[in-house]
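Dear colleague,

Please find below the structure that I am handing over to you. My notes on it follow directly after.

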Amino acid sequence: MAKLQLGVLGSGSGSNMQSIVDAIEAGRLDAEIKVVLADVPDAKILERARRHGIPCQFLDCSPWKTKLADAAELDCIRILREAGVDTVVLAGFMRIVKSALLEAYPGRVINIHPALLPAFPGIRSWQQALDYGCKLAGVTVHFVDAGTDSGPIIVQKAVEVREDDTPETLHARIQVQEHLAYPEALSIIASGRYRIEGRRVRIG
Ligand code: GRF
């Protein structure tokens with residue numbers, strides 16, 4: 001299989017992007033990050049990309065705070081295509097991508113969500129799991145479809161909820177698993193040894 005040509009979209013710290021960079025640099029993932037885009041001009045994800053010599057830029061999504069305007073989405077697609085991206089990695093990107101991006105990259109847009117989906121889509125899922133009294137929380141890497149945090153699941157990892165957990169401590173342990181789950185999911189995609197049957201991703 002050809003090396004994955006990744007485009008990463010993020011809004012924040014970029015620790016998941018870092019885990020992908022680390023996996024590539026350690027030879028655990030056959031991929032290259034061609035470009036990193038952030039909708040927040042001073043997002044740490046851009047700083048991390050620069051540190052590794054990865055092309056990166058701010059994607060202006062104004063005037064919206066949480067929506068991805070049509071013009072910004074088309075701009076995003078243009079940048080990804082010009083960079084030679086074949087797989088789009090959403091890594092803490094706080095906007096819902098729409099059909100234009102999904103049509104430009106059919107079956108090639110991946111997201112990570114800090115919950116065992118389909119439980120707790122949306123924001124601050126670890127807090128939702130705590131409030132619900134769950135004994136298990138976790139992380140899901142999935143293909144993106146037209147819904148919110150839906151789409152066929154590639155990898156999940158469970159995290160035990162402790163009696164003394166706060167939202168912060170639980171989120172921190174979930175993030176440790178995120179950093180294993182994203183490179184693992186991308187390795188499956190890079191291997192090409194999977195097929196999607198209905199909602200199920202069959203691996204191997
Ligand atoms: C992660 O918790 C991820 O699951 C969620 O947004 C957060 C991004 O963290 N979608 P980071 O920017 O990768 O550190």
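**Loops and ligand site**

Pro63 is found in the loop between strand 3 (56-58) and helix 3 (70-82); helices (H or I, at least four residues) and strands (E, at least two) are DSSP runs, numbered from the N terminus. A cis peptide bond, with omega about 10°, links Ser62 to Pro63.

Please note that this is a predicted model, in which local features need pLDDT of at least 70 and side-chain atom pairs count only at pLDDT 80 or more, while totals for chains, interfaces and linings use all residues. Residues are numbered from 1 along each chain as its sequence is written, and side-chain values use heavy atoms, with hydrogens and water left out.

The loop between strand 5 and helix 5 (125-132) holds Pro118, which is joined to Leu117 by a cis peptide bond with omega of about 10°. Phe120 is also located in the loop between strand 5 and helix 5. Although Phe120 is not a glycine, its phi is positive, at about 55°.

I turn now to the ligand. The residues around it (those with a heavy atom within 4 Å of it) are Gly12, Ser13, Gly14, Ser15, Asn16, Gly92, Ile112, His113, Pro114, His171, Gln175 and Glu178. By type, this shell comprises 2 nonpolar, 9 polar and 1 charged residues; Ala, Val, Leu, Ile, Met, Phe, Trp, Tyr, Cys and Pro count as nonpolar, Asp, Glu, Lys and Arg as charged, and the others, Gly among them, as polar.

Helix 1 (15-25), strand 5 (109-113) and helix 6 (167-191) each provide at least two residues of the shell, and helix 6 contributes the most, with 3 residues. Because domain 1 (1-106) and domain 2 (110-204) both give residues to the shell, the ligand lies between them; the domain bounds come from an automatic or database domain assignment.

A backbone N or O atom of Gly14 lies 2.8 Å from an oxygen atom of the ligand, and one of Ile112 lies 3.1 Å from a nitrogen atom of the ligand. Taken alone, the ligand exposes 370 Å², of which the protein buries 86% (Shrake-Rupley method, 1.4 Å probe).

With kind regards

Notes. Polar contact = N/O pair within 3.5 Å; in protein donor to acceptor, adjacent residues only side chain to side chain.
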